[in-house]
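Here are my notes on the helix packing, as promised. Have the model open while you read.

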Amino acid sequence: LRAVRGGSWPGVENGEPNIFKGVDFNYHLAMKYMEKKMPKEAEEALSRVLEVDSGHEEARLERGKIYLSSSQFFKAGKDFELLIEKYPESPMPYYQMGVLFSRQGNLNAANHFISQAVSLDPAESFFRIGLARSLGKLGRFSESLDHYRLVLERGDERSEEHTSELQSPDH
């Protein structure tokens, strides 16, 4: 309690806790804003999270996705780059970086990053579907079909559910 009153913890102002600046509060607030399709407010809440905890993986990823969906490619790329640097074994930042490059028309770079996501988590069908789409855009139809077949052979019912939640390289 002395540490809280002494102001040495994040989210503490003038010796008193300020829950409105806390990581958990702002992260959950951002998720609510996203549910309500309020990306600007969600981005602001996520930025407050990152001011207190710059290593908050989920907040940085979600903020990057908000930037990506509003075509703020530079900002999105910075968030995804930081995540790749800090969490090199996490596939989602690679996938999102691939989506970013696809939207910018750099299909080779998109394919590279989406391939990285698949290599880090080959069991996740939505990454593999993203790779199949990416390969198709590059005219590598045989390889693309191989990835679609693999997903179908696995019979992963979650693949359609998850791909609808993710931003695909097609958008």
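1. How do the axes of helix α8 and helix α9 cross, and within what distance do they come? The axes of α8 (residues 125–137) and α9 (residues 141–154) come within 7 Å and cross at roughly 160 degrees. That makes α8 roughly antiparallel to α9 (angles over 145 degrees count as such). Helices here are DSSP runs of H or I, at least four residues, numbered from the N terminus; axes are lines fitted to C-alpha atoms over the stretch in contact, with angles from 0 to 180 degrees between N-to-C directions.

2. A word on the source: this is a predicted model, with local features needing pLDDT of at least 70 and side-chain atom pairs counting only at pLDDT 80 or more, while totals for chains, interfaces and linings use all residues. Residues are numbered from 1 along each chain as its sequence is written, and side-chain values use heavy atoms, leaving out hydrogens and water.

3. α8 passes α9 in a left-handed crossing (the near helix is turned anticlockwise from the far one by less than a right angle). On the α8 side, the contact (heavy atoms within 4.5 Å) includes Ile129, Leu131 and Leu135; α9 brings, among them, Phe141, Tyr148 and Val151. By class, the contact of α8 with α9 has eight nonpolar, four polar and four charged residues.

4. Now for α6 (residues 91–103), which packs with α8 at an angle of about 25 degrees, their axes 11 Å apart. α6 and α8 are therefore roughly parallel (under 35 degrees), and their crossing is left-handed. Pro91, Met92, Tyr95 and Ser102 of α6 meet Phe126, Phe127, Gly130 and Lys137 of α8.

Technical notes. Helices (H or I, at least four residues) and strands (E, at least two) are DSSP runs, numbered from the N terminus. Angles under 35 degrees count as roughly parallel, over 145 as roughly antiparallel, 65 to 115 as roughly perpendicular and the rest as oblique. Ala, Val, Leu, Ile, Met, Phe, Trp, Tyr, Cys and Pro count as nonpolar, Asp, Glu, Lys and Arg as charged, and the others, Gly among them, as polar.
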